[in-house]
Amino acid sequence: MQVEPNKYVKELTQEKYKYGFTTDVHTDIIEKGLDEKVVRLISEKKGEPDWLLDFRLKAFRYWQQLEMPTWAHLTIPEIDYQAISYYADPTRKKDGPKSLDEVDPELIKTFDKLGIPLEERLALSGMAVDAVMDSVSVKTTFKETLMEKGIIFCSISEAVREHPDLVKQYLGSVVGYRDNFFAALNSAVFSDGSFVYIPKGVRCPMELSTYFRINAANTGQFERTLIVADDDSYVSYLEGCTAPMRDENQLHAAIVEIVVMNRAEVKYSTVQNWYPGDAEGKGGVYNFVTKRGNCKGVDSKLSWTQVETGSAITWKYPSCILSGDNSTAEFYSVAVTNHFQQADTGTKMIHLGKNTRSTIVSKGISAGKSQNSYRGLVRVSGRADNARNYSQCDSLLLGSHCGAHTFPYMDIHNETAVVEHEATTSKISEDQIFYCNQRGISTEDAVGLIVNGYAKEVLNKLPMEFAVEAQKLLSVSLEGSVG
Amino acid sequence: MKSEQQYIDLFSQCEAMICRHSAEAMNAPRAKAFADFERIGFPTRKQEKYKYTEVADLFAPDYGLNLNRLPIPVNPYEVFKCDVPNMSTSLYFVVNDAFDKHDHPAAQLPEGVLFGSLKEMSEQHPELVKKYYGKLADTAKDGVAAFNTLFAQDGVLMYVPRNKVVEKPIQLVNILRADVDFMVNRRVLVILEEGAQAKLLVCDHAMDNVNFLSTQVVEVFAGENAVFDLYELEETHDSTVRFSNLYVRQEAGSNVLLNGMTLHNGTTRNTTEVTLAGRGAEINLCGMAIADRNEQVDNHTFIDHQVPDCTSNELFKYVLDHQATGAFAGKVLVREGAQRTCSQQTNRNICATREARMYTQPQLEIYADDVKCSHGATVGQLDENALFYMQQRGISLQEARLLLMFAFVNEVVDQIRMEALKDRLHLLVEKRFRGELNKCQGCAICKN
């Protein structure tokens, strides 16, 4: 690099949360509160068929019986589910924009600021993007190019209209509405999200990407992503998220479902950068997400990679059900918490098929007064012969007021299983810092270097563009944590 | 609450009788324990701590209780020889939950050291017992501890005064003896003052083929620079249920070794909670379980690093055969400010059959940054290469498997700080694997 590296880092660290602006577009927000009427209203606004309304209502009625789970290692202030608006539509036009011209120019500016290649002229970055702002999918690029190959990449509302059979077949098949509190809530009120279908034998030529943004105040975002990779297909999917800086907390409860058929492969990468609240712990997004993939087919493969730097509270366990024989699952995660952030994140690997393999690599970094937990489950069922799991979770502590916790569960019901779990917790050694200082590297830069090296194993799994962004995010998130 | 109700009723009816046959220091906490038990009842599987054991079901059957303290016509010294060759111990017996009053032929204790019936000691040294009894076992937090506090009438007190060293290991044999399904609730209080040293070996045996349920609460106070070893060996039978809650509090510079070995059992739940309250305290916590048929072993450990410079080492190993179920949950908490903590936790398990189940849950909760903490857990089978290697050299597959399993659990046995006992256990473990150890070894009844 020709540029002076210190300057670069400094620039980054000074900018704090750069996505904290709000966009002044006219937004159609429905009244606060949640009851059956609201569920019906959302369904009506989206012009949904009856079966989907039924699905929502069933989920809503089930949700009403549930209580918010308390088992996570999190202190969640009471959430008033009646004080949130469950639907905000910044496009306010009939059926969503048909072309770029129809999109509110303010909105395009927003996505420009976020660096999202919404415009065709940014085609060079070679990514197809579905951008979701508040509750509605704003624009999907490259749709036609993808269509030539038979790939469907659109908002889920559009998919409900145009590919109802596919949606009906797979929606709720991996994460049922009875799965958990937030999954039930999402199933009742989900507004939009992305739908991806990769037909048999197709290798998706570009990275597919969704960008989520909460803009309107006092709204919750409840998107739903459904990815189906048919036999022998391949897709790499990226997800990014940001939100404006607000003093109140915002709620985000999403569901991601992935179905992987015979010999197909799906790679799902997330850079989660919701607004984490300020240094005093005020504001920030509550991120309660259910993500799960089912490796249904033989020799299928699913890989989750996540970089979690944002959100005031994260409650997220991207999981894999390895039901196909010889299927493989991976989970790579870097979770950074600073100030008053709390994260309880990890994965579940459910081995059902024979000769299934899973790998878990989780790196937690805690600084400030934050709490960072890894919670994971590895279950090997009685039929899952020769299952193999390797888990590694390391925690790095920066500062003496933060916490790093590990809660792994292993339920083994098969004698042929080989399951290993290792965890370490430590701080950056003084020797390493001293070594860097000796060579003229300031302590802050040294910490940046060491943290990046520590997270490398995971960052390397991200697609190129994301890896760069993730690295920047790491340094920004940890700003001010050394000293 | 059905299971609890029969005990709530029983206590309400028999409170006077229970108290009459116990001592003041043990009666005092009963009222609070009763209120706590009424409120929280038995732990359920919804509680993280008891995720793998359904407590209420185990207490549901109708067990007899000897609340009226009728004497049991057995002289353990005549029928029981749980001897360890080449090791002389001071031998004591507890029959069911009553301290055996026969003469103790081999007992030699240094002056000032107390060892005997908790009930009697409470009468003789009420201040001492009052100061420590029930101070670690929080009845508000654990339903089983509340239950035990409610019904325990006797048990054992061990007291080692300042700087006294008890050279000769003390052996305590718990015998379960009854003609009908029977429940025992015993209480052990161990107090080591500053600089005191002692070793205690506790063996659990069941003599009769009826259903037994035993609850036990052990409270250990290790003063500054005290050294204490506790070995617990369970050799009971399939229809025994054991609940053991062991609480340890360590002051600065103390060194405690806890080793729990389960060779034969029915359903066992061991809860171990260690508080490291003084700088430089060290705990070595290990355990081993060999389980087959429908045996269940559930070990739950919790180590609380409250102050800086403490060390904890944990090692648990399980071998599960047939339909046996094993569970291990180990939590290490490093509190804010507990810098330079060193903590290691290892749990290794072998499932020998498809029906065997293992649940493991090693947990770390850390609030300090200058620490070295690690945990590791594995579940697997015997190494095929090693088996093949041995077969190549003319060792039968059966023998090779035994050798490997033997070596596997011996890592825990090797932690024992008494040579003679170590040898003895090597032998017992080998016999156990060979299936020759159907019941306890050395007991006259089993030999017949």
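The legends below describe close-up views of a predicted model. Local features need pLDDT of at least 70 and side-chain atom pairs pLDDT 80 or more, while totals for chains, interfaces and linings use all residues. Residues are numbered from 1 along each chain as its sequence is written, with chains lettered from A and ligands numbered from 1 in the order in which they are written.

**View 1. Asp232(A) sits in a loop of chain A.** The loop lies between strand E9 (224-229) and strand E10 (234-242); strands are DSSP runs of at least two residues (E), numbered from the N terminus. Most residues other than glycine have a negative phi. Asp232(A) has a positive phi of about 55°. Asp232(A) is partly exposed, because 19 other C-beta atoms lie within 10 Å (buried means 20 or more, exposed 12 or fewer, partly exposed in between, with C-beta atoms placed from the backbone).

**View 2. Asp309(B) has a positive phi near 65°.** Asp309(B) is in the loop between strand E15 (296-305) and strand E16 (311-320) of chain B. With 18 other C-beta atoms within 10 Å, Asp309(B) is partly exposed.

**View 3. Chain B touches chain A through 31 residues of chain B and 30 residues of chain A.** Contact means C-beta atoms, placed from the backbone, within 7 Å. On the chain B side, strand E19 (357-366) and strand E20 (371-380) each give two or more residues.

**View 4. Strand E25 (418-427) of chain A runs antiparallel to E20(B).** Seven bridges join the two; strands pair if DSSP finds at least two bridges between them. His421(A) has Ala377(B) as its bridge partner.

Conventions. Helices (H or I, at least four residues) and strands (E, at least two) are DSSP runs, numbered from the N terminus. Two residues are in contact if their C-beta atoms, placed from the backbone, lie within 7 Å.
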